[in-house]
Amino acid sequence: MTLLLVLCCLGLWTLLYLLLCRLNPGRRCEWHCRSVTAIHALLITSLAAWCSFIQGPWPFTHAGGPNTPLQYLTTSICLGYFIFDFSWCLYFKTEGPAMMAHHALSIFGLTVTLVAGKYGTELVATICGAELTNPLLQLRWFLRETGQYHTIVGEIVDILFMGTFGMLRIGVGSVLLYSYFQQPTDFFGRLGGVCIYAIGWVFWIAIVQYAIKKYTKRWNAWKRKRKNDGSSVVSKSDSRHETVSGNSEMTQTADILVGQKVCSHSESLEDIPSQGELKKPNGYLRVGKPLPPSPEGSDGIINGIVHSHISCLVPEADKKNV
């Protein structure tokens, strides 16, 4: 009867996988297999939680007793799934040694529980804690597959998965293993508990390494960005300072050029006579003897000064036209 139930569960999981492949042929086979995994995780977690926390017996104080009918059903469903998933992984070669060892040990433990008719209390409690994080694990993969992993949703799923895995597999699992050794349980039950607990630690170490690598890389990227932002601010300030300096130098150069253009003839600024030395023979200004009194009065002096400045600005060839 137990074997028939397990075979029926195996057939149902396989049929569900083939149905998903038929309904959505555009997706890869792994997509459909992980969909089956997520459905199994939700179903088996609900059954295991009901067995452990509502129906009983309590795994922290009454482990090692005979199996209940609901524990038989929960274990049979779980064993059928693990046989399906283990076969799929062997065929497509998608998982590493740690996951394959986990599947093989799970199949062995579930089979012993069904055949021996005991260990159901502690095994179902272990299934509840182990499968509770599985939907988050599959959701991470679906987000990666659809290009939505590097979003706020992906970040939340990552944090939830790592937090719940460490809390359940390592935290609650350590308490459960310790309490299991305090109860009158046999050697084989304790050996199975230690093996499952050790595999949980292997997964946890891999998760911690992933988290350290991920957030260290993100921290270094943030520091580089901050440094580049500071450098860009300094470079903008320097460029503004260079622009102002360049404008000032251009202004000074223009003034020099203008000065050279104004006094480019043979007379320098020192050669320009003072107001009392100006005279105007034949309409031209020259340096010579003191200017005699002119009937023009002050207007003549002013006109002489104006013509003197014009003679500095106009080339020698054009002075006759002034």
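**Helices and one threonine**

Of the protein's 322 residues, 33% count as buried. The model is predicted.

Reader: How many helices and strands does the protein have?
Author: From the N terminus, the elements run α-α-α-α-α-α-α-α-β-β-α. The secondary structure comes to nine helices and two strands.

Reader: Is Thr 113 buried or exposed?
Author: Thr 113 sits in helix 4, residues 97–116. Buried means under 20% relative accessible area. Thr 113 has 2% relative accessibility, so the residue counts as buried.

Reader: Which residue has its backbone oxygen 2.8 Å from a polar side-chain atom of Thr 113?
Author: Leave out residues up to four places away in sequence, and Thr 113 touches Asn 67, Thr 75, Lys 118, Tyr 119, Gly 120 and Leu 123. The backbone oxygen 2.8 Å from a polar atom of the Thr 113 side chain belongs to Gly 109.

Reader: Are helix 2 and helix 6 roughly parallel or roughly antiparallel?
Author: Two packed helices are described by the angle and the distance between their axes. For helix 2 (residues 29–55) and helix 6 (residues 134–145), the axes are 9 Å apart and the angle is about 155°. Angles over 145 degrees count as roughly antiparallel. Helix 2 and helix 6 are therefore roughly antiparallel.

Reader: How do the residues of the contact of helix 2 with helix 6 divide into nonpolar, polar and charged?
Author: Helix 2 brings residues including Trp 31, Ala 38 and Leu 42. Helix 6 brings, among them, Pro 135, Trp 141 and Phe 142. The contact divides into seven nonpolar, four polar and three charged residues.

Definitions and conventions:
Residues numbered from 1 in each chain as written. Predicted model: local features only at pLDDT ≥ 70, side-chain atom pairs only at ≥ 80, totals over all residues. Heavy atoms only, no water. Helix = DSSP H or I, 4+ residues; strand = E, 2+ residues; numbered from the N terminus. Buried < 20%, exposed > 50% of the residue type's maximum accessible area, 1.4 Å probe, protein only. Polar contact = N/O pair within 3.5 Å; in protein donor to acceptor, adjacent residues only side chain to side chain. Contact = heavy atoms within 4.5 Å. Axes fitted to C-alpha atoms, helices over the stretch in contact; angles between N-to-C directions. Parallel < 35°, antiparallel > 145°, perpendicular 65-115°, else oblique. Nonpolar A, V, L, I, M, F, W, Y, C, P; charged D, E, K, R; others polar.
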